[in-house]
Amino acid sequence: VFGIGFFTNLTGINKMTATTTATVVSVSQPSATTTDSNGNTSGSSCTPTAKYTVDGKEYTQTSSSGSTSACSLTQGQTININYNPNNPGAWAYDLNTVKTVLKIFPIVGIIVAITSFVTFIIRLLSIIFGWKILKSGRALAKTLPAGTELSTIKNEIKQKFAKSVFGMGGGNPIPAQPDPTQTPPTPSDTIPPTT
């Protein structure tokens, strides 16, 4: 309701309470046109210029707002318009359609705001989730013995992370790996010399 009131105040539509008949002088071409199979053209919006008389004074003014329905008007056509009695030069054609369009603006804005908020929350959770994985992986990497195989590290990280985040999976301890810098003893080192 606030959004509708804001737009109607901005355009002055809420003040166009008087009506009269007018003659179409010209109609602006829509910014984008499409042609159907019958050769009829339609566009997003057209703004008509009309000639009308209020309190004995003749006005030739362009409408304060455009509409899709105005695209079907032709030069010389007689139409009913709404105008501002305190400012007769401000008028609009098919005011109901214009008000309907203005009602859509706040709704579209709310939908965009909600979508943006949901996207922000999803991205924020993804960042937090990824940071937790990274932290857990770094902490686990520090506890691993030297020479541990990559596949063993991956499995241990998965088990530890599942346990810390979801509370499941106990995980198996990593088997001790031989130190690659040490060489195994040779038979001559283990057999005592004979006398």
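This is a predicted model: local features need pLDDT of at least 70, side-chain atom pairs count only at pLDDT 80 or more; totals for chains, interfaces and linings use all residues.

Me: Great, rings to start with. How many aromatic pairs does a search of the whole structure find?

Reply: The search turns up two aromatic pairs. One of them joins Tyr52 and Tyr59, with 5.6 Å from centre to centre and 20° between the planes.

Me: And what do you call that arrangement of Tyr52 and Tyr59?

Reply: That pair is stacked, because planes under 30 degrees apart count as stacked.

Me: What about Tyr52 and Trp91, how are their rings set?

Reply: Their planes are at 65° and their centres 6.2 Å apart, so Tyr52 and Trp91 make an edge-to-face pair.

Me: Where in the chain do Tyr52 and Trp91 lie?

Reply: Tyr52 is in strand β4 (residues 48–54), while Trp91 is in strand β7 (residues 87–93). The pair therefore ties together parts that are 39 residues apart in sequence.

Me: Which residues form the aromatic cluster, then?

Reply: Tyr52, Tyr59 and Trp91 form one cluster.

Me: Buried or exposed, that Trp91? And the tyrosines?

Reply: Trp91 is buried, at 0% relative accessibility. Tyr52 is buried too, at 2%, and Tyr59 counts as buried with a relative accessible area of 14%.

Me: Nice. Switching topic: how many disulfides does the structure hold?

Reply: There is one disulfide. Cys46 and Cys71 form it, with their sulfur atoms 2.0 Å apart.

Me: What's the handedness of the link between Cys46 and Cys71?

Reply: The link is right-handed, with 100° about the S-S bond.

Me: Which parts of the chain does the pair link?

Reply: Distant ones, 25 residues apart. Cys46 sits in the loop between β3 (41–43) and β4, and Cys71 in the loop between β5 (57–62) and β6.

Me: Why does Cys71 count as partly exposed?

Reply: Cys71 has 24% relative accessibility, and the partly exposed class lies between the buried cut-off, under 20%, and the exposed one, over 50%.

Me: One more, in β6. Where is Asn84, and what does it touch?

Reply: Asn84 belongs to strand β6, residues 78–84. Leaving aside residues up to four places away in sequence, Asn84 touches Lys15, Met16 and Ala90.

Me: And is Asn84 buried or exposed?

Reply: Asn84 is buried, because its relative accessibility is 10% and the cut-off for buried is under 20%.

Key: Residues are numbered from 1 along each chain as its sequence is written. Side-chain values use heavy atoms; hydrogens and water are left out. Helices (H or I, at least four residues) and strands (E, at least two) are DSSP runs, numbered from the N terminus. Buried means under 20% relative accessible area, exposed over 50%, partly exposed in between (1.4 Å probe, protein chains only). Contact means heavy atoms within 4.5 Å. Rings of Phe, Tyr and Trp (its six-membered ring) pair if their centres lie within 6.5 Å; planes under 30 degrees apart count as stacked, over 60 as edge-to-face and the rest as tilted. A disulfide is a pair of cysteine sulfur atoms within 2.5 Å.
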